[in-house]
Each structure stands twice: as C-alpha cells, then as structure tokens.
Amino acid sequence: MSLGYHPLVKQLLDGELSLAELPPELRAEGAEALRLVGAVDRAPVVLSPALDDRVMAVVRRHAASRTRRAWHWLTSPRDVELRLRLRPAVWAGALAVAAGMALLLLARAPGTTLGPAPVARSGAHDSVFVRFVLYAPGARHVAVAGTFNQWDLNAAPLARAGTSGVWTTTLALPVGQHQYAFVVDGERWVADPAAPAIDDGFGRRNSMVAVTSRGAHTL
Amino acid sequence: MKSFLALTFALSTALPLMAQDVGARLDGRVQPEVRRAVQEIAADAAAHGLPTDPLVEKAIEGGAKRVPAERLIAAVRALAGRLAGAWDAVRAGGLESPTADVVEGGADGLSAGLTAGYVSELVRASRAPYDPALVLRVAATLAALGVPPKQTVQLVEGMIKDGGSPSELLGLPGEVQAGVADGATPAQAAEHVGHGNGNVPPGRPPDFVPPGQAKSHKHPANPHKP
Amino acid sequence: MGLAGDATDGEVVRSVLGGEVERYAVLVHRYRDRYARYAARMLGSLDAGEDAVQDALVRAFDRLADCREPEKFAGWLFLILRNRCYAERRRRQREGRPLDERDDGVAAADRPDGTFEQTEQMRALERSLVHLTPEQREVFVLKHVEGLAYEEIAGRTGATVASLKMRMHRAYDRLRDLMKEHL
C-alpha cells in the first residue's frame, strides 16, 4: 500500500492551492496527483433516444391505474413501506400460526400520499401514530402490548382487516424507545421476526421501536 | 466520602416514598411476593443512583406475561445488575452523573450483547451534538439486529467521525434491516451501510445548482490539463 | 401550447399534478441527460445509469405530489436518482455483482482526439473509481466530473463539508494506490 498524498497536495486537488504555492519538495507529487485526477473522463453522457418514450409509456400506465402501487426498489426505510413476510411456523402442540410481522409506518416527510396509510403527527403532544400489523389467520384475538401501554393485554387490540388473516391497529406512541410484542389469543406472545429483538429476560424476545418526532424508525 | 454520606442521607428520606410508589404501581399487577421483592431491589438500585423505572416496567411486563414469581424476580434482579454495570461503564466513558436515559441505553446495550468496554467507548465517542443515550440506543438496536458487537461499535463511531447527523445515526438500524430483509446477514448489511448514502428524502430539495451551470463552477486552478 | 422550453419546471409540475399527464414529457426531455453522467459513473456503466435515470423519472412522477417545491424539481429529482443509485449498488453487492463486472465501463476508450496513453489512464481511473466506497465515489464524481464545489455537494447531499472532504481525501489516497502502475 503506497503512502497517501500529502495534505497540501490534497488541498491542491481540492482547488484550494495552486501548484506554485506548494513547497518545492511537494511539487512533483502535486503534479502527479493532478495527472491522476485529470485522467477522469468528463465527457457528457447521452442516453438512448428511446428513453423518453419508455418513461412516458410507464407514466401513462401509472396515471391510468386506479390504485397507486408502492415502488419497492426505493427501499428506503423512510418511505412508507409495507412488509409482509410469511414464514410458516409450527407451534408445538398447537395450531400452525403463520409468523407475525409488525408493520411500522415510517413516514419521514409529513404529507406523503403514497402507501396504504399515512402516518400523521398527532396534534398537541410529542407522539407519532404507528400502525402495527400482524398476519395471523388462525387467531381469534390479537393485541399488542408494550412499554407504551404497560404491557396491558387489553389496551390495544388489533382488528381484522378483511378476511385475509391480517390484523391491524394504529397507536399514538410517545417519543422514545419502546419494546413490544403481540399477544395472540390472550396467551401466545409473538415478537416481530423482522424487527430487532431483545431478550425480555423471561426466555422470550421483545421487539424494539424508536419513535422520534419525525416518525417511527425501524427500531 | 462526604458526598456519599449526603447521598445516603438524602436517599434515606426519599426511599420510603419511592418504595411506596413502586408498590402502588405494582399493586394488582404482580403477586404480593413479587411486589415485595421488586420494592427491595428498586430501593437498592435507587440507593446507588440507578433509575428504577425500568425495574418496575420489567416487573409489570413479567406480570402481564404471567411469568412465575421466581423467574420474574430473577429477571428484575438481573436487570438491576445490568443497570449497575451500565452506570459504571457510562461513568468510565466520562459522564460524571449520567441521566437515567443514558444508563438505560447502556443497559440495553449490555442486554444486546455489547461489552461494558464498548459501552464506555461509545459514551466517549458521543461528544455534542450526539446524545449518548441516542448513540447507545442505536448501538443496542444494531446489536439486537445481529450485527456483531465490534462491527456495531465501528459502524456507529464511524458515522460520528464522519459527521453524520443524529438522524442519520438513527437511521442506521433501518438501513441494516433493509439489507437483512433483502437477504444479507446482519454483518454483511452493516458492511454496506454507509454514511450519507441517499437518505435525504425527496420532497426536501436543497438549494440546487445544476451541474455545468454552477455559478461558482469551481474547477481547481489549472488542474486537469492532460 | 408553447415550446417545451418556455414553461418553468414549477409550471410543468403543477400542470401535471393538475391532470395533464402528457406534460410530464417536458420534464423527461429536460432532465434525461442531465444526470446521466452522474448515474453512469456511480453505477459503473452506461446501461445501469440509463436504467437508474429511467426509474428515477418514473418514480418522480409517482411521487410528484410530494415535491413540495415544484420550482426545485431538478434537485428533488436528483435526490430520487441518488437514492436509486445507492439502492442499486447495495443490491448488486448483495447479489455478488460488483460494479466492474459490466462490459466496458463508461470510459470512452475510443476518444478520437486523445493519445493511447491518456485513454489507458482514463480507463484505469474508471476501473479504480469502482473500488471506492459509494460515498467516496460520489463526492469524487460530483466534484471532479460534475465540477461542483464542496458547499454545493453538501447542499445536495446533506453531508457536511468536513465529512465530504474527509471522504474525498481518503478517495485520493485510495486512487493513488490503485493507480500506481499508471502514474
């Protein structure tokens, strides 16, 4: 590994010094550095002429479709994002319950219109609406309990969303770090397999979410 | 030594009140023997200047989860131990009188697998504007996601050194999680998580100057003449 | 209807939001090549850059309602493109497809006016750029290809000037090492 450039030579490259301003013993190094950076190709790049048509074709399709679709290639966690992962799990001696997945709406920019449900900032207090989602088709009752509701099983029941086996609820969580888990049928505690999990000290895992005044962060 | 005596004196009057408060919060949520035990543990913790809220919350959690009394008490005691360990580690990192927030963050870190040494190191790295509680929480979350402890610390410290904003710091777990969701291991995802990699959201454009039309179109003086 | 060049970005954005979808073609035409070089450099090939620009333009349309300052559409589009480039790069790394696997890179080896040696150096530098981290590559491209000042780059990307310089200086050292046979 060769030695890096002298800091003054780097300033030369940054345009903060001229070659003449370098001490004589550094000028050769400076000239070398300029040659290196000078080798960069600055030719403008022109894309294929068909690009306009391709873009507009897609744009027209999107405009025509009745429901807005989420684009997943921009998987920035700051976008409103729906993640449903189905991981079949067999509970010993019990009904098979598909693995749970918590959906946390991670809205960074208020006023975003894309996605299943916008997260709004609650008016007066420092809290943010966060939506929880669990896929549990075999369940009869689902709730979410955590540090934000003193682990009260009855405080935050989820409601079925249609017949797909999806349960959801939206809660206003105060700013801060919270731990939570889902409770299925009043007794089965399910953590979010996709969320950071922390040992609850009792042999199970809790999920973590950090709520800031700009939205909920995946934990 | 004087301050220690002052502390114990101050606490000896405050402790009965606090014990009452703990008792009230646990009443009806845990079995009586658990309540008594947790009151003791909390009193002890308070006497050492440690936050007691996490202990009460953990007890309530155990009650809701119907954890057997013995196990519940053991867990609360273990948490108290971690809080104490965190307190030491945070002070070793240079914070004279840490807030409850920071101590809890440190305890979270320890729970997630960071060593006390790493907790101290993270505190040391958290000069303004970085809130040590935030730094510790982010690190704890990364470790909880499965990023190896050493890598966690490097990632967090790297972002701090690079001048990433607290928001960027807070976004690290999400970045790692996105990587994991796409099939990387936590360690791999953490490798690829950079700083400032496109986490400025659309809708808030900076003052934009188009390339090639920059008013201060600054090419270094005499530079790239081949 | 006036020429495409007449309306400001803000006016076009507002009319598209008002339902005139076809007017989006004005913005597509206006910006299709502007960031092509940046995208191609960030992703290591013309094809990848073109895909990224195309996706970014579509994405910008989908989220046009989120563009809170329509007059600053250009900067907003840049951010979308930037996010897209970083996401693409992450995905390729996960799939084990590093950027330099693409055929010939963007370095125009067939420059009629350059000497062979200059072309060789140019290619070597292009190959070396691929080995920088995305952040280092970006600051290098924005400064030395796109010609922006540090302050401008900071404004665009949200990084501080200090951290940009730090990245750039690391990039200089890395490039020196990678290019040693050519210097």
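Chain B is built with ten helices and zero strands; here helices (H or I, at least four residues) and strands (E, at least two) are DSSP runs, numbered from the N terminus. This is a predicted model, in which local features need pLDDT of at least 70 and side-chain atom pairs count only at pLDDT 80 or more, while totals for chains, interfaces and linings use all residues. Residues are numbered from 1 along each chain as its sequence is written, and chains are lettered from A and ligands numbered from 1 in the order in which they are written.

Read from the N terminus, then, chain B goes α-α-α-α-α-α-α-α-α-α. Of its 226 residues, 48% are buried. A residue counts as buried if 20 or more other C-beta atoms lie within 10 Å of its own, as exposed if 12 or fewer do, and as partly exposed in between, with C-beta atoms placed from the backbone. As for contacts in chain B between residues at least 6 apart in sequence, 66% join residues at least 24 apart. Two residues are in contact if their C-beta atoms, placed from the backbone, lie within 7 Å.

Helix 8 of chain B, residues 149–161, makes a handy example. This helix has 13 residues and reaches 18 Å from its first C-alpha to its last, close to the 18 Å expected at 1.5 Å a residue; the expected span is 1.5 Å times one less than the number of residues. Its buried residues are B:Thr152, B:Val153, B:Leu155, B:Val156, B:Met159 and B:Ile160. Seen down the axis of helix 8, these buried residues fall within an arc of 160°, so they line one face of the helix. The arc is that of the directions from the helix axis to the C-beta atoms. On the face turned away from the buried side sit the exposed residues B:Lys150 and B:Lys161. After helix 8 of chain B comes B:Gly163, with a positive phi near 80°.

Positive phi also turns up in B:Arg66, at about 55°, although B:Arg66 is not a glycine. B:Arg66 is in the loop between helix 3 (53–64) and helix 4 (69–92) of chain B, and with 11 C-beta neighbours inside 10 Å it counts as exposed.

Chain A brings in strands: it has three helices and nine strands, in the order α-α-α-β-β-β-β-β-β-β-β-β from the N terminus on. Buried residues make up 42% of its 219 residues. Of the contacts in chain A with a separation of 6 or more, 58% are between residues 24 or more positions apart. In the loop between strand 2 (142–146) and strand 3 (159–160) of chain A is A:Gln150, a residue other than glycine whose phi is positive, near 50°. A:Gln150 is partly exposed, with 16 other C-beta atoms within 10 Å.

Chain C, with nine helices and zero strands, follows the pattern α-α-α-α-α-α-α-α-α along its sequence. Of its 183 residues, 54% count as buried. In chain C, residues 24 or more positions apart account for 63% of the contacts with a separation of 6 or more. C:Thr133 belongs to the loop between helix 6 (116–129) and helix 7 (134–145) of chain C. C:Thr133 is partly exposed, with 17 other C-beta atoms within 10 Å. Its C-alpha atom is separated by 9.1 Å from that of C:Arg167, 34 residues apart along the chain.

Now for the place where chains A and C meet. Here 39 residues of chain A are in contact with 45 residues of chain C. Helix 1 (7–14), helix 2 (27–38) and helix 3 (51–64) of chain A each supply at least two residues of the side that touches chain C, and the largest share of that side, ten residues, comes from helix 3. The residues of the side of chain A that touches chain C divide into 23 nonpolar, eight polar and eight charged. For this count, Ala, Val, Leu, Ile, Met, Phe, Trp, Tyr, Cys and Pro are nonpolar, Asp, Glu, Lys and Arg are charged, and the others, Gly among them, are polar.

Helix 3 of chain A packs with helix 2 (residues 24–31) of chain C at an angle of about 145°, with their axes 10 Å apart. Axes are lines fitted to C-alpha atoms, for helices over the stretch in contact, and angles run from 0 to 180 degrees between N-to-C directions. In helix 2 of chain C, the residues C:Tyr24, C:Val26, C:Leu27, C:Val28 and C:Tyr31 are buried.
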